[in-house]
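Hi everyone, thanks for coming.

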Amino acid sequence: MTDLLVKLFVKDYKNIENSTVRTAYGVMAGFVGIACNILLFAAKAMIGMFSGSIAIIADAFNNLTDAVSSIISLVGAKLANRPADDEHPFGHGRYEYISAFIVAFLVVQVGFSCAKSAFDKILHPSDLTFSMVSVAVLLLSILGKIWLGLFNRKLGNRINSSVMKATAADAMGDVLTTSATVVSICVYHFFALNIDGIVGLIVALIVIWAGIGIAKDTLKPLLGEKADPETAKKIKQMVESYEGIYGSHDLIVHNYGPTNSMATIHAEVSNNADIEVSHELIDRIEREVTKATGIFLVIHMDPIEVNDVQVLYYKEQVVEILKNIDENLSCHDFRMVNGENQINLIFDVVVPHTYKEDKKNELLHRIMDDVQKFDSRCQCVITMENNYVDL
């Protein structure tokens, strides 16, 4: 069914890197979600009022919120496809994250409303009406939500959409809550035990938890997160594959939406190479990597010593010292100023984010002490920095 809907409503559906195609996926998923959730809301609301079950009514309004959420997701998908302009040179792709965050807020709000009603039901319980028709409709709604969850999960994985993945998780949460509602009705009918208020409270808590989870997932790209390790590894390997590039570091990937990212990286070239030749090489790498990955790449050129045996020896000693202290440490931008009585070693050290200022200071003194153990003439000029990708 999912593949059939995709073929019917998404033109050029295999070209998932195209923003227009992604928008078509989002619009289709939005309309499917709206239709399914409105039907489920209407059915559950009628059953809830007929049976007097607060759990069913709470579950019904959860479906109504899901329908509103689908509308917001649909609008977000359309806005995210707006082209770049003077005020937003990187496009509007982050609208997708913003719309998902609004959805999360609505889900949490409904959860709190349901919790309030559930508390009232616990304090003032009322009789429930058992009906095979009610149970059958609820079971059908569970099947419908399972399909909707799998539908959004499949599309979310296909186009790497955080909104669709969150919607899928929300749908699977609804499966659990509706299942709990069916259990409460059956328990009352067969055992004369009214657990409707308690189940309604559990439903509300699950809804709130789902909303918080969606909010956390959508806030990550808005706040800024590390790039996907595979993407980072691919960029680094491609840059270093060119003849004349001796290494790379300081890779940072900036996300402006699921299909719009840019990256910056420092590429190491020989300090003896002609600067125009190196610049031409850097320009070519930027063009070719951008074309291959779809990520706009900017490269900073770092000249390094590749021939001086003494400089390379001292660099090897520093690298060995860092590895002995902590295998997670690395260095780059290594330079050496050789004087008659003093040797200045100038380099950057990359440390994990777990290193706080006091630990950095301790590390700084440890490196200086260890360097002077193998050559007392050495003085270090060290810059501490963090890594922005996991490789």
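Let's start with a pair of charges: the side chains of Lys 116 and Asp 120 meet in a salt bridge, 4.0 Å from N to O. By salt bridge I mean a side-chain nitrogen of Lys or Arg within 4 Å of a carboxyl oxygen of Asp or Glu. Before going on, a word on the source: this is a predicted model, where local features need pLDDT of at least 70 and side-chain atom pairs count only at pLDDT 80 or more, while totals for chains, interfaces and linings use all residues. Residues are numbered from 1 along each chain as its sequence is written, and side-chain values use heavy atoms, with hydrogens and water left out.

Back to our pair. Both residues sit in helix α4, 4 residues apart, about one turn of the helix. Helices here are DSSP runs (H or I, at least four residues), strands are E runs of at least two, and both are numbered from the N terminus. Is Lys 116 buried or exposed? Lys 116 is exposed, at 57% relative accessible area, and Asp 120 is partly exposed at 39%. The cut-offs are under 20% for buried, over 50% for exposed and partly exposed in between, with a 1.4 Å probe and protein chains only.

How many salt bridges are there by this rule? The count comes to 8. Another one joins Lys 373 and Asp 370, at 3.6 Å from N to O. These two lie in helix α11, 3 residues apart. Lys 373 is exposed at 68%, whereas Asp 370 counts as buried at 16%. Asp 375 and Arg 377 also pair up, at 3.0 Å. Shared partners link Arg 366, Asp 370 and Lys 373 into one network.

Now for the nonpolar side. In soluble globular proteins, nonpolar side chains tend to be buried together. A nonpolar core is a set of buried Ala, Val, Leu, Ile, Met, Phe, Trp, Tyr and Cys residues joined through side-chain atoms within 4.5 Å. The largest one here has 21 residues, and Val 318, Phe 334 and Leu 345 are among those with the most contacts inside it. Elements giving two or more residues to this core include α10 (309-325) and β4 (330-338). A second, separate core of 20 residues includes Ala 227 and Leu 251.

One last stop, back on α4: where is Phe 101? Phe 101 is in that helix, and is partly exposed at 35%.
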